[in-house]
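Here are my notes for someone opening this one for the first time. Have a look at the model, then read through the points below.

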Amino acid sequence: MAFPGTGFVRTVAAVMLAAALTGGHAAAGSPKGTLTYSWTSNVGPLDPHRYSPNQMFAQAMVYEPLVRYREGGVIEPWLATAWTVSPDGRTYDFTLREGVVFSDGTPFDAAAVKANFDVLLADRAKHEWLELVAQIRSVEVLDAAKVRLTLKDPYYPTLLELALIRPVRFAAPSVLTADGVRAPVGTGPWMLAETKRGEYDLFTRNPSYWGPKPAYERIVVKVIPDPTSRAVAFETGEIDLIYGGTGQISADSFTRFRTRGIGQTAVSAPLATRTLAINSGRAPTSDPAVRKAINHAVNKDAIAAKLLYGLEPRADTLFAPNFPYTDLGLTPYGYDPARAARLLDEAGWTLPPGGTVRVRGGQPLRVELCFIGNDAREKAIAEAVQANLKAIGIDAVLVGEEENAVEARQKDGRFGLIFGDTWGAPYDPHSFVSSMRVASHADYQAQRGLPMKAEIDARIGAVLVTTDEAERQALYRDILTTLHEQAVYLPLSYLTAMAVSRGVDGVGFGASAYEIPFGAMRPAP
Amino acid sequence: MLRFIAGRLLTLPPLLLAVSAGVFLLLRLGRGDPALDYLRLSNIPPTDAAVAAAQRLLGLDRPLAEQYLSWLWQALHLDFGLSYVTRRPVLDDLLYYLPATLQLGAAALAVTLAVSLPLGMWAARHRDRLPDHLVRALAFVGVSIPNFWLGFLLVLLFAVTLNWLPPLGRGGWSHMVMPVAAVALMSLCINARLLRASMLETAGQRHVLYARLRGLPERRIVHSHILRNALLPIVTATGMHIGELLGGTLVIENIFGWPGVGRYAVSAIYNRDYPVLQCFTLLMTVIFVTCNLAVDLLYAWLDPRIRPGREAAR
C-alpha cells in the first residue's frame, strides 16, 4: 500500500517552523519615556465618585484630594493649602491652592469643589460605608478660594477620609452629570488618553499640572489578569514594573526574582495586618483561657519564615505600631506551648488518658478554622495553625470555602477562627475600629461574647467624635488594650506590598496600599 | 435540503430558552451573593446596608421568577443587561471580544486539520513501522498533556528561555503561535489517530480490493476509495473538536493574555457576574449548534447515502 503524503508532512513542518522562527521576538522593553505597568483589568471609566469598575490606583493618577495622607497618619496640604477647624470641631474652612486648573483648562476653585460635593451628596446611599459622607451637613462657597464644610458631629477622622482615593476627589465641573462624569478630567499629574478594552490603558502626562512634572511621559497599563503571566511578562521585558500585593505577584515569583537578581525588588513597610478573628460569642472560644492559649500556641515566626517567605513580618498586635495611636507597647503573646497548655489545664480543659483532644464537662476542645479554600497561602497557614493547636490538645477543624461563603461566615459569626485583614492606611485604625460596632463584621462577631462589648462600642463611638487629642489617645489605648488582653484576635503578620522593576529608578511605596507613587519614578540612566 | 436546514434552525429557539433557564437557575443555586463580590471589587466594607444597596443596584432584591422573566423579556430585544463588574452592556462586551476568540479557534482548527491529516495518512501508510510508532507516541503524549500546562511549557521555552516569541497579548502572527499550538495539540493528536485507524479499516474493505483487481492506479485507489470514505469519521470528530477548541481557548486566553471572550467569561465566573455568564452561554450554544449543522451538511455532501431528503425520495 502506498499513500502520498510524506512530502506534504515535510512541507507543513517546514512552514510551521519558519513561522515560528520569523516571528522572532527580541526582548522588548518600553520605548523611551514610557513606563509599562500591568493590572488585572482595564482601569474603568475613571469617575472620581464611583466604585468598581474604576480602579483605585488609576483614579488616584487623575484626581486629587484636598489633603494627603502621609506615613503615620500625618495629613499634609494638597489642593487645600490651609484649613481651620472651629473649636466645636464641626466647621472646616479650607483655603484652596491658587493656579490649579483641570486638564481641560477650567480653573479649580470653590465652585468646582462645591459642584463635586453636590454630585456626591445627591447619592449619599452609595457612599453609606463612609462615615464622613453621612456627617456632612453642608458645603458652602465662601469666596473663589475658600470652602466651608459643616458637619453634624465633631467627627475627628474628617481629614483622613478627605484624603481617601474615593469618593471625595474632584473632576472638572464641565464633565459632571447626575449619571457620573462624561470624561475623566481631573487636576492630577496624568490624563487617561486611550483605552483598548481587554488590552491596555494609556496615560499621558498632564501638561497643565500644577505640581512637579513626573519624569515619565506615558504610562501604559497592560491588562494581565493572571499573576503568573504577569511574572512572565516582566521576565521577558513586556512590562517594566510589578507593584502590589499577592494579587499582582505571587510570593513564589517574587522570591525567585529576588534570589536570581532579575530586576530590582523591594518590600514595603507594614500596610495592614493579616489576622485571625477568634469568636468570643461561641463555645469553646468564649472561654478567655482558650483564646489566650491559642495566641500562645501558634508559632508565628515559623509561619512568617516558611510560609510567607519572610516577606511579611510577624505581627504581635492588631495594628502595626506605624499607624496613628497604635504604638502602645502592649506585651505580645509569645510562642509558648507549655504556657498555653498550663492555661488550658487551669481552665479545666484536660487531656483524657490516652487522648489527644482536651475535654471539659464532656465537651471536646474543638474549633472551626475558616479560610478561603482556593487561597493557597491561607490554606497553608491554616494547616500550620492547626498543627500548632493540635500540639496543645485543641482540635482545629479546617473549613475551606470560597471567598463569598467565607465572607458570609464573617457576617453572621459562624466561625471559631476566621481569616480577616485590617483595611490598612488610611482606614486603620479609625474606620476599622468604627466597623467593630456593626453586626455584619467579623470583628463584631468575634467580640460579641465579651462582657465589656457594650463598653468597647461606647468608647469607639466617643473616640470618633472627641476633639481632645489627649482624650482620643486615652480612648484608643483603652480600646486596643482591652481587645489585646481579651485575645479576640490572633495577629499573624503585617501585610506588605512588593515591587519588582527593571530600568526604573525611585520605585518606593506610598503610605496607602492603593496609591502607586508613579510621580517619583524615573527611567534609570 | 432547505427543509432540513430550516428544521434544524427551528429547534434553536426552544433550545436557547431551555439553556437560559437552566443556566439562570444553576447560577443561583450556587452559594454566594454577587453583591458581596461587587463590594469586594469596589473596596467597600460589606455592611448589611452596603450589601442591600448593592443588591438593589444589581437588581438582585427582586423575586427570582421576576428576575428571570424581566431578563428574558429584555433578552428577546437583544438586551442582555449590564455586567455587574464592568457596568457595560454585556452583549456589546462579548461581541467586542468574540473576534479574538474566533481567530484563535479558527487558527487552531486549521492547524489541527493541516497537521493531523498528513500525520494520520503517514502513519497508516507506514503501519507498524517507525513513522507509525512516532505518530502513535506523539498522539499518546498529546492527549495526555493538559493544555494549560503545555501553554506554560511553551512560554518557558519560547518566551522566557529562547525569547523568540512574545509571551502574551494579541498582535502579529508571532503572538498566535504558542496559544494556537497549546489549543490545537490535543484535537490534532486525536484526529491523527482516528484517521490512521479509519484508513486502515477502509483499506481492508472489499471495494478497495475490487478496485485493485480492476487494476486502478494506486493513487486513485487511495484518493477516491480509501481517503474519501476514511474522512467521514474525521468530519464528525471535527464537529466535536470545535467545541473542544473553543473550550480550550477559555483557559489558554488567560495564560496568554489573549483579549477574547474566554478570558472575559473566566473573570465573570470568578466575580459571579451573572448577566455575562448567561449571555456567554447562549452565545456559545448558538456557535455550537451552527457548527454541528455545518458538519452535518458537510457529511451529507461527502456521503450521498445519508443525504437528508433522500429517504423520502426513495
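**Notes on the salt bridges and the chains**

1. Let's start with a pair in chain A: A:Lys453 and A:Asp457 form a salt bridge, with their closest N and O atoms 2.8 Å apart. A salt bridge here is a side-chain nitrogen of Lys or Arg within 4 Å of a carboxyl oxygen of Asp or Glu. The two residues sit four apart in helix H15 (residues 453-465) of chain A, so about one helical turn separates them. Helices are DSSP runs of H or I with at least four residues, strands are E runs of at least two, and both are numbered from the N terminus.

2. Is A:Lys453 buried or exposed? A:Lys453 is buried, at 7% relative accessible area, and A:Asp457 counts as buried too, at 18%. The cut-offs are under 20% relative accessible area for buried, over 50% for exposed and partly exposed in between (1.4 Å probe, protein chains only).

3. Before going on, a word on the ground rules. This is a predicted model, where local features need pLDDT of at least 70 and side-chain atom pairs count only at pLDDT 80 or more, while totals for chains, interfaces and linings use all residues. Residues are numbered from 1 along each chain as its sequence is written, chains are lettered from A and ligands numbered from 1 in the order in which they are written, and side-chain values use heavy atoms, leaving out hydrogens and water.

4. Another chain A pair is A:Asp123 with A:Lys126, at 3.1 Å from N to O. Here A:Asp123 is partly exposed at 31%, and A:Lys126 is partly exposed at 28%.

5. Over in chain B, the side chains of B:Arg8 and B:Asp296 meet in a salt bridge at 2.5 Å, N to O. B:Arg8 lies in helix H1 (residues 2-10) and B:Asp296 in helix H13 (residues 274-302), so the pair ties together parts 288 residues apart in sequence. Chain B also has a salt-bridge network linking B:Arg127, B:Asp128, B:Asp132, B:Arg136 and B:Arg196.

6. How many salt bridges are there between chain A and chain B? The count is three; one bridge joins B:Asp93 to A:Arg197 at 2.6 Å, N to O. Over all chains the count comes to 41.

7. As for the interface, 54 residues of chain A are in contact (heavy atoms within 4.5 Å) with 60 residues of chain B. About 5000 Å² is buried between the two chains, 60% of it from carbon and sulfur atoms; that is the accessible area (1.4 Å probe) the two parts lose on being put together, summed over both.

8. Finally, chain A has 16 helices and 24 strands, and 54% of its 525 residues count as buried.
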